[in-house]
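Try each task before reading its solution.

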Amino acid sequence: MDSSEQRNVLVTGGNRGIGLAIARAFEAAGDRVVITYRSGEPPEGLTGVKAEVTDSASVDNAFTEAEKIFGGPVDVVVANAGITRDTLLMRMSDEDFDAVIDTNLAGAFRCARRAVTGMIRKRRGRIILISSVVGLYGSPGQTNYAASKSGLVGLARSISRELGGRGITANVVAPGFIDTEMTAVLPEEQKKAYLATIPAGRFATPEEVAAVVRFIASDEAAYITGAVIPVDGGLGMGH
Ligand code: NDP
């Protein structure tokens, strides 16, 4: 691949878990990658910029820094940063609800909003929002998380309708259960119960999500927009 074909890829929350696997996959394919992180150091071999996705100024700064590193606008943004604050509806505080919406949904909005300025100028761009099977399937104890993740579908579809004519696609990737720190904290009993409902009979690796994200970002996927692409071993079939 010559350097004019390399894309400028920004992955939020790319310091660990699914985001890190996505960043590594783009890098392995020869793209220029910048990840965002909040504390410590970026993972070895990856360039990082600090970003707090609940803060518009911080997102803006991260993009500005990334653009300096790339020497041009971001072509592919992967809004991956996300949190859970699980508890039953009756016990859920306003703060638990708001924090999850602010990070998972408004965080993705802030990144997409900042990204499109450069994409419109270049008349190309890929916006990829990392949702969850839970967004459309629902999950007890995750009203905040499910609401935030289904909100991403409306966000991506509206961006598709606004900017589809400018060479920009916006899609949602909806992973099922993936082996990361987020799922490592689940009680064994709960993991067993989840496993029993997954047709593939296993959790996925972060690399399996990364491969799909990379395809959605490719030139071959130019006609896919406003789609929800599951990577869930069949868990969410029909949802
Ligand atoms: P991890 O908990 O392993 O990583 C989450 C990442 O998001 C970290 O890099 C974290 O940064 C970052 N992050 C969280 N809050 C913020 C914030 N306010 N500002 C900036 N960065 C933030 O999660 P996973 O890798 O498992 O999940 C990644 C995405 O995939 C999430 O959106 C999640 O909802 C989704 N997902 C995960 C599934 C799974 O089974 N694991 C299934 C379906 C969807 P820091 O290190 O600083 O905390």
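UniProt positions are given in the numbering used here, feature names are shortened, and annotations may be inferred rather than shown by experiment. Residues are numbered from 1 along each chain as its sequence is written. This is a predicted model: local features need pLDDT of at least 70, side-chain atom pairs count only at pLDDT 80 or more, and totals for chains, interfaces and linings use all residues.

**Exercise 1.** Work out whether S148 is buried or exposed.

Solution. Start with the record: an unreviewed UniProt entry puts "binding site" at G13, G14, N15, R16, N80, Y145, A146, A147, S148, K149 and I178. These span 166 residues in sequence and their farthest two C-alpha atoms are 25.0 Å apart, so they do not all gather at one spot. Now count neighbours: a residue is buried if 20 or more other C-beta atoms lie within 10 Å of its own, exposed if 12 or fewer, and partly exposed in between, with C-beta atoms placed from the backbone. S148 has 28, so it's buried. A147, with 17, is partly exposed.

**Exercise 2.** Which residues of α2 are buried, and where do they sit around the axis?

Solution. The buried ones are V59, A62, F63, A66 and F70. They cover an arc (from the directions from the helix axis to the C-beta atoms) of only 95 degrees, so they're on the same side of α2.

How values were computed
Helices (H or I, at least four residues) and strands (E, at least two) are DSSP runs, numbered from the N terminus.
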